[in-house]
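Have a look at the structure first.

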Amino acid sequence: MQSSATLSLSQSAAASTIPKSNYTVNHSLPFSPSKPINLRFCGLRREAFLGFSSLSRSQPPQSKIRSDKINSPISASLSDNGSAPKSFDYDLVIIGAGVGGHGAALHAVEKGLKTAIIEGDVIGGTCVNRGCVPSKALLAVSGRMRDLQNEHHMKALGLQVAAAGYDRQGVADHANNLATKIRNNLTNSMKALGVDILTGVGSILGPHKVQYGKLDSPGNIVTAKDIIIATGSVPFVPKGIEVDGKTVITSDHALKLESVPDWIAIVGSGYIGLEFSDVYTALGSEVTFIEALDQLMPGFDPEIGKLAQRVLINPRKIDYHTGVFATKITPAKNGKPVTIELIDAKTKEPKDTLEVDAALIATGRAPFTDGLGLDSVHVERKRGFVPVDERMRVLDFKGDPVPHLYCIGDANGKMMLAHAASAQGISVVEQLTGRDHVLNHLSIPAACFTHPEISMVGLTEPQAREKAEKEGFEVSVAKTSFKANTKALAENEGEGIAKLIYRPDNGEILGVHIFGLHAADLIHEASNAIALGTRIQDIKLAVHAHPTLSEVIDELFKSAKVKAHASGPIVNEPVAV
Amino acid sequence: MALFLQTTFLTSSSSLRQKPRLSSWASHISSSRARTRVHAKIREIFMPALSSTMTEGKIVSWVKSEGDKLSKGESVVVVESDKADMDVETFYDGYLAAIMVEEGGVAAVGSAIALLAESQEEIEEAKSKAASSSPTPSPAPASAPVSESTTGSDSVEKAVVVVPPSTSAMASAVHPASEGGKRVVASPYAKKLAKELEVELGRVIGSGPNGRIVAKDVEAAAAVATELGSPAAKVSAAPAVQAPPGIELGSVVPFTTMQGAVSRNMLESLSVPTFRVGYTITTDALDALYKKIKSKGVTMTALLAKATALALVKHPAINSSCRDGNSFTYNSSINIAVAVAIDGGLITPVLQDADKVDIYSLSRKWKELVDKARAKQLQPQEYNTGTLTTYSQFLF
C-alpha cells in the first residue's frame, strides 16, 4: 500500500502527540500551506476488501494540489445568496442515493445546503437492497442455525435441541422485508429533511449542470453549485463466466436465496465469498472455494487468516482450490450440472474441471460509472473508477481537481465499504461548508460477519513491518485470547484472538485485528482511538465493565508494553450527575 | 478442528505413574537449566504419555509451523495415542524452531519431537542442530517411558525415533476411477470423510447427481458391515464394485497405534487366569421391556449394561480387581465398559455408575460415547475407568 505521504512539517520522530487524523480547520479563511500545521494525509489501504487490485495511480504530485486550487471550493461555498452563483437550482446535487449519497445528503441538509439527490434505480442502492442489509439478515439466520445444529455445543451448555430445520422462503422473506424496511426508512428520512429526490439516471452535462431522466432520452436538467458522484459499484464478473441468475449467480442473486444448492462453488475467498460460505454451509450446502491467489482470505492479516481457516473452513463441509482461475463457467442445462474449468493461475495450464450444482461469483466489485458524462469535464476513468484526491475531488486527465465535482464511495475505489462512502460524503460536505477535511482511511474499521466474526482497523502486521522498515521505527505485537474471557467462556465461544500492532516507542496504534464473538462490535474502541490519535498509554487505564467481551480489548491494551508515558493528568474528578 | 483444551499430562486418576514423572521431568528441566550454558535456550518438545499404556504416539498434525511464536499453554501439535487424539500444549514461550517428527511420524513417549527456541536468533541454531543430529532408530520401548536422564541434556544429540509416515493409508499407485476412467467427482464433505475414514475415493460409487460421490457413499464404503450395502446407482450406469477400502494383497502394512495397543492387550490377557461360563437365558421379559422403551431411544446395549450393573450391585466380587495377587480391590463405582468396533480397531467407552443412572440417560450417554469414539474424541476418563467390560453383538 502507499505509505502515508506526510507533509514537510511538524512530525518529529518521537512526537509527543499524534495528530488527530481526521483534520478539520475551524476557520473559514483559506490557509497557506507554508504555515506549519499538523496535517496528516494518511495512506490508503487498498488491499482490504478489494477483490482485485484496482486503485489508479491518479494521485498527482502533492505540490499541484497545494497551489491555488485549494482556495476555490472554500471560497465558493462562502459566497452568500445573491451574488453571481445564485442562479443554481441547488447548492448540492448528488448522483446516486445509496449509502454514500444518503450520508452526504443528510449532512448537507444539516449544514443548511439546498440538496437534491438523483436515483435511477432503488433508493438505498447496493447496501440496502443487494448488500449489507440482506446479507446480515441471512447471516443472522445462519448463525442461529449453526448454533442449534451444534449438538456438542448445546450439550456442553446442558441444552437439548430437537432437530432444527428451516423454511427457505421464510428466510428469504426475512431478508427481503428487512431490505424494504430500511429502504423506506432511508427514503422517508431524506424526504422529511427536505431533500429533493429526483428519479432517473443522472449524468453530467458540464460544470454545474446535471441531467437526469430515462436512459437515452432528453431528461430534465438541474444546476448545482457542487456535484457529488455516488453511483457505487456492481458485482464484477470475469470474462468466460456466464451468469444465468439461477445456477451461476452473483451476490445480487444469492441474497434473494431462491434456492439452497447441495454443492456450490464460490469463486473468490474474500469477505463476500467467506460470508456466503457461512450462510450456505449453515443451511446445509457444501462449498468449494476457488481462489486465484495462493492463500485463502488474502486480504486479512495472515495470522488471523490462518486461525480463521482453522475455524471457519477446515471443520466445515468446505474444500478449496487455490492458485487457480476459473476460466469458463457454464450454467446447468438439461440435467448437466454447472461446469467450471480451472487453470493454474501462474502457468495457465488446465488443472481441473468441477461439476457442481451452483456457482457464486464473488470476485470483487466493479465501479458503476458508465454514462456519467465525465468527458464533458475532461475526466478519464481509470479501469472504471473515477480518479479523486484525498479530499474526494475528482481529478481531470491532467491530474487537476475539477472544481465543484466530487466522487465518493465505491465509484472512486478508495475503500469499498458502505461506511467509508458515507464518511467520505460527510468529509465533502464539511469542505463545502467551510471546513477543510481530509478523511483518514486508516481509522475506518472493516468487518466480516462470519461466525465467529472478523474485524480489523489499520494496518496488517506485514504492512506495519514494511512501514516500520521504511521509516525506521520498531513494531510490537500484543495478542489476547478469547479463551481467557469470562463472557466468551460463559457462552462457550472461547475461540478467538485479538491482536494489537503498535509502536512501543510512542504508543501509537498501527492496527487492531479481532477474530471472535462480536468482533465487529468490539473493533470500535480501536478505530476511535486511531481516529482521535489516542495512544495506548492514554487508554489502557480506562475501565471496562465485567464480564463483557470488551475486556478482550482491555486486556489487549493492558498487555502492550509502551516506553512513553501517559500524557496529561489522569482525570479523577467526581462526575456531577 | 482442534479438539480439547485441557492439559494432557494429567489424565485420569488411575494413571498414577504420570504424576511423579511430570514433576521429576519439570524439576529436572529446572536443574538442567541451572547446569547448562546460560546462552543455550533451546528446549525440546516431548512426545507426552497420554495414557498409562501409551508407549509411542503418532503425530496427527502440527498446529503450529516452524518459525511460529509460541505462548505457554498454546496447542502446538495433535498426537494420536493408542486411544484418542489429543492436543499437546507447550509449557514455554518461545518460537517453534524445528519440527523433528513430521505429520504421520511416530515417536516414543519422552522423545523429542520438536525444538523450541526462546528467541528468534536461536531458531537457526536449533535448526542446524536438529539437522545434524543422527537419527539412530531405537526400538520402541516396550514398557516404561524413557528415563529422565535422557531429558534436558544439551539436547539434540539424542536419538529420535523417526518412522516414515505410516503406510497404512493405502498408498498404491493407480486406482481405477469409477465411471469409466473419468476423474472422480466427490463433494467436499465426501472428500473430508474419505480422508478421515481412509477410504479410497476411486473405489466408491456415487449416488449423488450425475454419479457424484457424497458423504453417505463414503460412510457406506467405510462401514465394517457389508450388509449396509451401496445405494443403487440410478442416474449413470456405473460399475457396481463395492471393494473394501483398498487393501492391497501381498503387502505388509504396519499397525496403527490403536491396532498395536489392541494386539498388545490381547496378548497380555492370555497370561491372566480365566474361567469360562456359558448360560442360556430366556429373554422374554427383556424383549418385552425393550419393545416398550425402544421408542424412547433405548438400545439393547444400554439395557444389557444396566442389567449387568444391577447384578454387580449384588455381587461386588465380580466388580473387583486383583492387582497384587493377594487381595480384592473392590471398586467404588460400577462402570460398565462396552467394547466398540471403530474404524481401525477397538475401544471401550465407559458408562459410569451404570447402576445409578436411569436407563434413558444411560442410552443417551451411550449414543454420545459411540459418536465420540467413532470420531476418536473420547477423553481418557471415558475409556479407561471401566470396572467391567462387556462385548455386545448388537449394532447400535
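Helices (H or I, at least four residues) and strands (E, at least two) are DSSP runs, numbered from the N terminus. This is a predicted model, where local features need pLDDT of at least 70 and side-chain atom pairs count only at pLDDT 80 or more, while totals for chains, interfaces and linings use all residues. Residues are numbered from 1 along each chain as its sequence is written, chains are lettered from A and ligands numbered from 1 in the order in which they are written, and side-chain values use heavy atoms, with hydrogens and water left out.

Q: How many helices and strands does the secondary structure of chain A come to?
A: Chain A runs to 577 residues, and 55% of them count as buried (under 20% relative accessible area; exposed is over 50%, partly exposed in between; 1.4 Å probe, protein chains only). Take contacts (heavy atoms within 4.5 Å) in chain A between residues at least 6 apart in sequence: 67% of these join residues at least 24 apart. The tally of secondary structure for chain A is 17 helices and 25 strands.

Q: What area do chain B and chain A bury between them?
A: On the residue count, 20 residues of chain B are in contact with 25 residues of chain A. Buried area here is the accessible area (1.4 Å probe) that two parts lose on being put together, summed over both. For chain B and chain A, 50% of it is on carbon and sulfur atoms, and the total is about 1,900 Å².

Q: Which helix of chain B gives the most to the side that touches chain A?
A: Start with the polar contacts, each a pair of N or O atoms within 3.5 Å; within protein, one must be able to donate a hydrogen and the other to accept it, and residues adjacent in sequence count only if both atoms are side-chain atoms. Across this interface there are nine residue pairs in polar contact, both partners at pLDDT 80 or more. On chain B's side, helix 4 (188-197) and helix 9 (359-374) each supply at least two residues. With five residues, the one that gives the most is helix 4.

Q: Which residue of chain A meets Lys191(B) in a salt bridge?
A: A salt bridge is a side-chain nitrogen of Lys or Arg within 4 Å of a carboxyl oxygen of Asp or Glu, and the count between chain B and chain A is three. The N to O distance is 3.1 Å, and the partner is Asp319(A).

Q: Which residues of chain A form salt bridges with Asp278(A)?
A: One partner lies in helix 5 (residues 132-149) and Asp278(A) in helix 9 (residues 271-282), so that pair ties together parts that are 132 residues apart in sequence. Asp278(A) itself is buried, with a relative accessible area of 0%. The two N to O distances are 3.7 Å for Arg146(A) and 3.1 Å for Arg316(A).

Q: Is Arg316(A) buried or exposed?
A: Arg316(A) pairs with Asp278(A) through a salt bridge. Arg316(A) sits in the loop between helix 10 (302-313) and strand 12 (318-322), 38 residues from Asp278(A). Its relative accessible area is 11%, so Arg316(A) counts as buried.

Q: Where is Ser233(A)?
A: UniProt, in an unreviewed entry, lists Ser233(A) under "binding site", along with others including Asp410(A) and Met416(A) (annotations may be inferred rather than shown by experiment). Ser233(A) is buried at 5% relative accessibility, and its place is in strand 8 (residues 233-235) of chain A.

Q: What is the relative accessible area of Gly273(A)?
A: UniProt's unreviewed entry also lists Gly273(A) under "binding site", with Ile272(A) among the others. Gly273(A) lies in helix 9 of chain A. Neighbours within four places aside, Gly273(A) is in contact with Ile266(A), Gly268(A), Phe289(A) and Ala362(A). Gly273(A) is buried, and the value is 0%.
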